[in-house]
Amino acid sequence: GHAAYGAVVRHGETGEVVAERAGVLGHATNNVAEYNGLIAALTFVASVDPDALVEVRMDSKLVVEQMSGRWQIKHPDMRVLAMQARELLPYRNVTYTWIPRADNVHADALANEALDSHLAGGSGLIERP
């Protein structure tokens with residue numbers, strides 16, 4: 001089936017949702033989808049504040065460990081995506097925390113919304129605000 005990503009950007013102090021991003025990627029692995037969600041969120045943050053301090057909270061253990069530098073990135077496609085993500089904000093400004101999938105339902109719902117939109121003939125892209 002089609003792969004999709006969902007990303008939610010929250011204000012660090014208030015927890016208020018400041019942006020939602022989601023998109024359909026076509027046929028791709030879940031890891032590619034997770035990296036694309038990360039890139040979408042970091043791209044938004046960098047556009048608002050390129051010096052922001054960011055805590056990324058993801059349910060992808062692989063992406064969290066790879067982006068934290070604790071696990072090697074062996075797959076060439078993942079290396080490219082990781083480099084894209086790393087180039088968006090200063091490395092020292094971003095930390096990564098793994099969260100259980102049950103704590104990431106908002107992002108999952110966005111990915112499903114993007115898929116539903118795509119299957120209904122829409123763009124499959126969500127950018128709010």
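Student: What should I keep in mind about the model before reading any values?

Tutor: This is a predicted model, in which local features need pLDDT of at least 70 and side-chain atom pairs count only at pLDDT 80 or more, whereas totals for chains, interfaces and linings use all residues. Residues are numbered from 1 along each chain as its sequence is written, and side-chain values use heavy atoms, with hydrogens and water left out.

Student: Why is glutamate 20 called buried?

Tutor: Buried means under 20% relative accessible area, exposed means over 50%, and partly exposed lies in between, with a 1.4 Å probe and protein chains only. Glutamate 20 has a relative accessible area of 13%, and therefore counts as buried. Of the 129 residues in the chain, 42% are buried.

Student: Why is lysine 61 called partly exposed?

Tutor: Lysine 61 has a relative accessibility of 42%, so it counts as partly exposed. Lysine 61 lies in helix α2, residues 61-68, while glutamate 20 lies in strand β2, residues 17-26; helices (H or I, at least four residues) and strands (E, at least two) are DSSP runs, numbered from the N terminus.

Student: What makes the pair glutamate 20 and histidine 106 a polar contact?

Tutor: A polar contact is a pair of N or O atoms within 3.5 Å; within protein, one must be able to donate a hydrogen and the other to accept it, and residues adjacent in sequence count only if both atoms are side-chain atoms. The side chains of glutamate 20 and histidine 106 are joined by such a contact at 2.6 Å.

Student: Which residues does lysine 61 touch, leaving aside those up to four places away in sequence?

Tutor: Lysine 61 touches Trp71 and Trp98 on that count, where contact means heavy atoms within 4.5 Å. For glutamate 20, with neighbours within four places in sequence left aside, the contacts include Ala7, Leu110 and Arg128.

Student: How do you know that the radius of gyration of the chain agrees with that of a compact globule?

Tutor: The radius of gyration is taken over C-alpha atoms, and the globule rule is 2.2 Å times the number of residues to the power 0.38. With 129 residues, a compact globule would have a radius near 14 Å, and the chain has 14 Å, so the two agree. Along its principal axes, the C-alpha trace spans about 40 × 35 × 25 Å.
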